[in-house]
Amino acid sequence: MKTGLSSQRRRWIFAVRGLMGLAAGLTCALVLFLLGYVLLRGIPHISWELFSTAPSVLADRVGILPDILNTVYIVLAAVVIVVPLGAGAAVYLNEYAENKKMVAVIEYAAETLSGIPSIIYGLVGMIMFCGNGSSLLAGALTLVIMNLPTVMRTTQESLKTVPQSYREGAFGLGAGKWRVIRTVVLPGCVDGVITGCILSAGRILGESAALLFTA
């Protein structure tokens, strides 16, 4: 019984692989070209003055120090707010909530929020939090809403990895619900909380919506 591919089939596979290689090569070449162009045009202008001064038209100076500081401030403010909220919501949904339908609705809402474009968050945040003018706090609150599903989901998935036997053993020793969560469950899922923080910080840094509120 003949099991080999026909010559026409082999030619078709070779052609498809060639097209895929060509597409990958063109994509890599374009990325390398853009990186090279940016580096060649930008490296000569990098200096300590660029990073340590503010822009000034009168002094004919270009500086990015305010942008760096605003980014640091908004990241810290957003993380400080979103981590307790996200981790607390995950603990409640996984450890306290008894209505499974409500938990399913909340999880579905969180997944829906994760798929909303960033520009929508920016516009809604501008409407809700910028009534008295833009500020770093307004941007931080907007980014909190944007990254809350990420922290909540990563923490919740990490909580589910803690064996149920750990909880039962702690309950058998007479520990209360909150003591079990605080001393047994949370230390076992701290990696999930850290992962959520890192993902949130990375997303905050990459979101252009924060630029709408930088002061």
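Guide: Let's start at S158, which sits in helix α6; helices here are DSSP runs of H or I with at least four residues, strands are runs of E with at least two, and both are numbered from the N terminus. S158 counts as buried because its relative accessible area is 6%; buried means under 20%, exposed over 50%, and partly exposed in between, with a 1.4 Å probe and protein chains only. Setting aside neighbours within four places in sequence, S158 is in contact with C189, D191 and G192, where contact means heavy atoms within 4.5 Å.

A word on the ground rules: this is a predicted model, so local features need pLDDT of at least 70 and side-chain atom pairs count only at pLDDT 80 or more, whereas totals for chains, interfaces and linings use all residues. Residues are numbered from 1 along each chain as its sequence is written, and side-chain values use heavy atoms, with hydrogens and water left out.

A nonpolar core is a set of buried Ala, Val, Leu, Ile, Met, Phe, Trp, Tyr and Cys residues joined through side-chain atoms within 4.5 Å. The largest one has 15 residues, and V83, L143 and I204 have the most contacts inside it. Three helices each supply at least two of its residues: α3 (65–96), α6 (136–160) and α9 (190–206). The largest share, 6 residues, comes from α3. There is also a second, separate core of 14 residues, with V91, A97, V162 and A170 among them.

Helix α3 deserves a look of its own. With 32 residues, α3 reaches 46 Å from its first C-alpha to its last, close to the 46 Å expected at 1.5 Å a residue; that expected span is 1.5 Å times one less than the number of residues. Along the way α3 bends by about 25° at V82, and a proline, P84, follows within four residues. The bend is the angle between axes fitted to the seven residues ending at a position and the seven starting there.

Now for some places with more accessible area. Q164 lies in helix α7 (residues 164–172) and is partly exposed, because its relative accessible area is 45%. The C-alpha atoms of Q164 and V185 are separated by 9.4 Å, although the two residues are 21 apart along the chain. P117 lies in the loop between α4 (100–114) and α5 (118–129), and a relative accessible area of 47% makes P117 partly exposed. From P117 to M146, 29 residues along the chain, the C-alpha separation is 9.4 Å. G115 belongs to the loop between α4 and α5 and is exposed, at 60%; G115 and L40 are 75 residues apart in sequence and 36 Å apart, C-alpha to C-alpha. R17, in helix α1, is exposed as well, at 63%.

Stepping back to the whole chain, you will find 9 helices and 0 strands. Buried residues make up 28% of the 215 residues. The radius of gyration, taken over C-alpha atoms, is 25 Å, whereas a compact globule of 215 residues would have one near 17 Å; that globule rule is 2.2 Å times the number of residues to the power 0.38. Taken along the principal axes, the C-alpha atoms fill a box of roughly 85 × 65 × 30 Å. Among contacts with a separation of 6 or more, 70% are between residues 24 or more positions apart.

Finally, confidence. pLDDT is the predictor's confidence in each residue, from 0 to 100; the chain averages 81, and 91% of the residues score at least 70.
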